Amino acid sequence: MSMQRTLVIIKPDAVERGLIGEIIARFEKKGFRIRGLKMIRLNRELAEKLYDIHRGKPFFEELIKFIMSGPIVAMILEGSSAIEVVRNMIGPTDGRKAPPGTIRGDYSLDIKMNIIHAADSLERAKYEISLLFKEDEIL
Ligand code: CMP
């Protein structure tokens with residue numbers, strides 16, 4: 001598989017719990033290069049664009065409120081097969097079901113407050129990166 005870029009978000013629960021450093025360290029130790037990194041707070045417009053594919057689902061509104069509830073850390077990671085490898089490192093959505101050793105498995109006990117988000121395809125990665133980063137913020 002070729003070099004890919006993906007978008008990762010450290011969610012408000014992880015920022016609040018002081019897990020930013022531990023999470024970034026895992027990706028750096030794995031060998032990913034950080035091409036963009038920022039701490040921001042999402043407004044409703046951006047939050048709804050980020051989660052547009054979940055619009056209409058029963059948890060949509062609480063998801064939007066959660067992701068806007070505090071600062072997040074957004075980053076662009078680059079590496080071989082980044083989309084798949086990062087998704088494997090974060091684990092399944094529900095922290096209770098995520099295996100130990102995955103980020104959600106180690107730090108989350110919840111399906112909504114699940115610590116971290118990562119794009120699930122190349123198309124989504126491109127879309128999410130373009131939402132959160134300007135051209136000159138990508139190095
Ligand atoms: P994420 O990978 O960012 O993608 C969509 C998010 O919706 C997911 O992580 C969770 O934070 C949230 N989510 C998914 N399913 C549920 C659910 N059943 N109830 C509440 N939140 C959910």
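Glu78 is buried, with a relative accessible area of 13%; buried here means under 20% relative accessible area, with a 1.4 Å probe and protein chains only. That is my starting point, and this is a predicted model, in which local features need pLDDT of at least 70, side-chain atom pairs count only at pLDDT 80 or more, and totals for chains, interfaces and linings use all residues. Residues are numbered from 1 along each chain as its sequence is written, and side-chain values use heavy atoms, with hydrogens and water left out.

Glu78 sits in strand S3, residues 72-80. Strands are DSSP runs of E with at least two residues, helices are runs of H or I with at least four, and both are numbered from the N terminus. What does the side chain of Glu78 pair with? It makes a polar contact of 2.9 Å with the side chain of Arg35. A polar contact is a pair of N or O atoms within 3.5 Å; within protein, one must be able to donate a hydrogen and the other to accept it, and residues adjacent in sequence count only if both atoms are side-chain atoms. Beyond four places in sequence, Glu78 is in contact (heavy atoms within 4.5 Å) with Met3, Gln4, Arg5, Phe32, Arg33 and Arg35.

Next, two backbone points. Ser81, in the loop between S3 and H5, is not a glycine, yet has a positive phi of about 50 degrees. Ser81 counts as buried at 11% relative accessibility. Ile115 also is not a glycine and has a positive phi, of about 75 degrees. Ile115 lies in the loop between helix H6 (103-107) and S4, and is buried at 0%.

Last, the largest pocket. Of the 23 residues lining the largest pocket, Tyr51, His54, Thr93, Arg104 and Asn114 are the closest to its centre. A pocket is an open set of points on a 1 Å grid over the protein atoms alone, where a 1.4 Å probe fits, with protein on both sides within 12 Å along at least five of seven lines; lining residues have an atom within 4 Å of a point. Helices H4 (60-67), H5 (82-90) and H7 (122-132) and strand S4 (116-118) each supply at least two lining residues.

Terms used
Buried means under 20% relative accessible area, exposed over 50%, partly exposed in between (1.4 Å probe, protein chains only).
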